[in-house]
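Subject: Structure handover and findings

Hello,

Please find the structure below, with the sequence alongside. My notes on it follow.

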Amino acid sequence: MQKSHWIGEVQSGMHDGKEVELKGWVHRTRGSNKIHFIVLRDSTGTIQCVAKRDALGDDSFEDLKSSLIETSIILKGMVNVDERAPGGHEIIVSSAEVVGPVNPEKPFPITESAMENADGGETEFLLDNRHLYLRTGRMTNMLKIRSSVFGAVHSYFREREFTEYHAPSFVAGAVEGGSTLFEVPYFGRKVYLTQSWQLYAEAAMPALERLYTVAPSFRAEKSRTRRHLTEFWHAEMEIAWAGNAEVMEHGEGLVRHIARTLLDERSDELASVGRDLDLVARYADSPYPRMRYDEAVETLQGLGVDIEWGQDLDYSKEKVLTQDFEVPHFLTHYPRIAKPFYHRPDPDDEKYVLCHDLLAPEGYGEIIGGGERTWSEKEILERIDEEGTPREPYEFYIDVRRYGGVPHGGFGLGIERVCSWLSGADHIREVIPFPRDSRRVTP
RNA sequence: GCCGCUUUAGCUUAGCUGGUGGAGCAUGGGACUGUUAAUCCCAAGGUCGCCGGUUCGAACCCGGCAAGCGGCGCCA
């Protein structure tokens with residue numbers, strides 16, 4: 001049953017002049033009563049297959065002629081080099097077998113017109129037919145790009161002696177604000193879906209010292225923007241004996257490594273989805289500047305933006321701030337009052353915390369949030385109390401600090417935000433197969 | 001939680017001041033021996049999102065509802 005030949009190989013010239021057997025799906029067809037052209041697709045590409053009535057016989061020829069788009073077929077034939085064929089290669093079909101036919105009364109619904117004005121495929125129709133839309137060229141490219149981003153996250157951390165470590169998805173307490181938690185019934189109790197691996201990672205920090213994960217996180221935000229999902233994949237790291245600056249080094253290193261990996265592995269796919277490769281190369285090669293929160297506020301005030309010191313930077317302000325940025329920038333040292341308890345106050349000036357956000361250019365916004373953790377028992381209790389957060393759900397977190405607390409920190413990176421930004425997608429939904437947002441959970 | 005927009009055939013859509021809805025693609029039939037989103041001819045396919053109102057008459061005007069989409073706050 002396994003495949004002996006792949007369309008990508010044939011298009012690369014590997015089988016010129018030889019007989020091959022191709023298994024795939026009908027992408028397009030055209031032709032006449034005597035000669036028929038089938039553009040066959042598999043996961044590696046497409047190729048034109050030429051079927052002639054003379055050579056095939058009436059039965060096989062009629063089978064092929066009536067094969068609608070997305071019919072699965074097995075074709076045998078010679079590989080012919082021909083300028084008239086897209087990609088320069090074609091198959092002169094000698095035999096054909098239909099494996100899975102398509103009913104003409106219910107043809108494949110995703111037509112050229114369905115994608116015409118979709119611009120990334122985000123019409124209601126295409127979202128409803130997501131299970132079929134996945135096999136179209138744009139989605140296939142996006143899924144391959146996504147796969148390389150995951151691969152790059154793993155290779156970055158593993159090459160640097162980080163250990164992959166896993167946290168539960170059912171949790172009792174919140175990381176971010178409680179309003180964004182998904183409540184789940186749990187044998188008569190209520191638990192929540194995790195928003196972040198971080199608190200559990202900190203518990204393992206004294207064991208592993210350098211750890212990372214890639215896992216889904218869940219946030220019940222009703223946000224309807226091109227940057228939000230309720231279920232997203234979260235790459236997170238935690239490192240012992242490190243401060244804000246060292247953690248940031250890794251954030252920059254990781255993002256640049258992802259960009260470099262995409263250039264190495266997915267240039268064709270990036271170009272196919274319309275991405276300017278020079279931009280991706282710039283993001284891989286250029287250093288990312290650091291900017292303190294105070295500087296950002298002054299810059300914004302200079303631009304006439306209405307902002308006061310102490311306010312968090314919302315997207316509208318981020319957008320103004322980043323509009324002239326040519327590479328991602330780190331924003332550091334936010335006011336203590338704007339950030340949750342686990343951020344460590346800056347010993348040099350306790351008005352600030354040792355934290356950083358990485359803001360992507362081109363309006364894609366925040367892709368990393370991280371910083372140094374509050375690591376002493378005394379300080380964490382102060383921070384929890386000043387925030388008015390109940391201590392009970394965090395007992396285990398506080399306990400970690402009672403037995404040899406050390407300076408440490410980490411960050412979280414939104415995989416889909418990075419995929420979306422580096423691929424130049426119009427919407428975060430384009431880079432995940434079955435997107436989940438506040439209104440859509442099907443298909 | 002808030003603001004805005006959309007809904008006409010399987011898909012993409014046209015439809016002017018209210019007077020019985022047109023097209024392209026897809027599908028079916030036919031023609032065609034090198035097509036490139038093939039082309040040409042023909043056919044079938046619509047309770048114009050749902051409910052109510054105004055009117056002699058509503059896809060169109062008014063009200064309500066629903067679904068979807070875009071955005072804000074918050075965040076990765």
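In this predicted model, a polar side-chain atom of Arg 219 lies 2.6 Å from a sugar or linking oxygen of RNA strand B. That is a polar contact, meaning a pair of N or O atoms within 3.5 Å; within protein, one atom must be able to donate a hydrogen and the other to accept it, and residues adjacent in sequence count only if both atoms are side-chain atoms. Bases are contacted as well: a base oxygen of RNA strand B is 2.4 Å from an N or O atom in the side chain of Arg 30. At Arg 84 a polar backbone atom takes part, 2.6 Å from a base nitrogen of RNA strand B.

There are 54 residues around RNA strand B, and those that come nearest are Arg 30, Ser 223, Arg 226, Ile 367 and Arg 417. Here a residue is near the strand if one of its heavy atoms lies within 4 Å of it. By class, this surface has 23 charged, 17 polar and 14 nonpolar residues. The classes are as follows: Ala, Val, Leu, Ile, Met, Phe, Trp, Tyr, Cys and Pro count as nonpolar, Asp, Glu, Lys and Arg as charged, and the others, Gly among them, as polar. On the RNA side, sugar or phosphate supplies 52% of the atoms of RNA strand B within 4 Å of the protein, and bases supply the rest.

Conventions: residues are numbered from 1 along each chain as its sequence is written, and chains are lettered from A and ligands numbered from 1 in the order in which they are written. Local features need pLDDT of at least 70 and side-chain atom pairs count only at pLDDT 80 or more, while totals for chains, interfaces and linings use all residues; side-chain values use heavy atoms, with hydrogens and water left out.

Overall layout

Chain A has 443 residues, of which 51% are buried. Buried means under 20% relative accessible area, exposed over 50%, and partly exposed in between, with a 1.4 Å probe and protein chains only. The C-alpha trace of chain A spans about 85 × 55 × 40 Å along its principal axes. The secondary structure of chain A comes to 15 helices and 18 strands; these are DSSP runs numbered from the N terminus, helices being H or I of at least four residues and strands E of at least two.

Chain A is assigned domain 1 (7–100) and domain 2 (133–431), with bounds from an automatic or database domain assignment. The C-alpha centres of domain 1 and domain 2 lie 47 Å apart.

Strand β4 (residues 72–81) contains Gly 77, which is buried at 0% relative accessibility. Strand β1 (residues 19–31) pairs with β4 in the antiparallel sense over seven bridges, where pairing requires that DSSP finds at least two bridges between two strands. Strand β5 (residues 89–100) is also antiparallel to β4, joined by 10 bridges. Met 78 of β4 stands opposite Glu 19, and the bridge partner of Met 78 in β5 is Ile 92.

The eight-stranded sheet

An open sheet of mixed pairing has its eight strands in the order β6-β10-β11-β18-β17-β16-β13-β12. The edge strands, each pairing on one side only, are β6 (163–164) and β12 (290–292). Within the sheet, β11 (residues 231–240) and β18 (residues 408–414) are antiparallel with seven bridges, and Met 237 has Phe 411 as its bridge partner in β18.

Strands β12 and β13 run parallel, with three bridges, whereas β13 and β16 (residues 355–360) run antiparallel, with four. Phe 330 of β13 stands opposite Arg 290 and also opposite Leu 358 in β16. From strand β13 (residues 329–332), His 329 and Leu 331 point one way and Phe 330 and Thr 332 the other, and all are buried.

Single residues

Ser 148 sits in helix α7 (residues 137–158) and is buried at 3% relative accessibility. The side chain of Ser 148 makes a polar contact of 2.9 Å with the side chain of Arg 266.

Two cysteines are buried: Cys 355 has a relative accessible area of 1%, and Cys 419 is at 2%. A search of the whole structure for disulfides finds zero, taking a disulfide as a pair of cysteine sulfur atoms within 2.5 Å.

Regards
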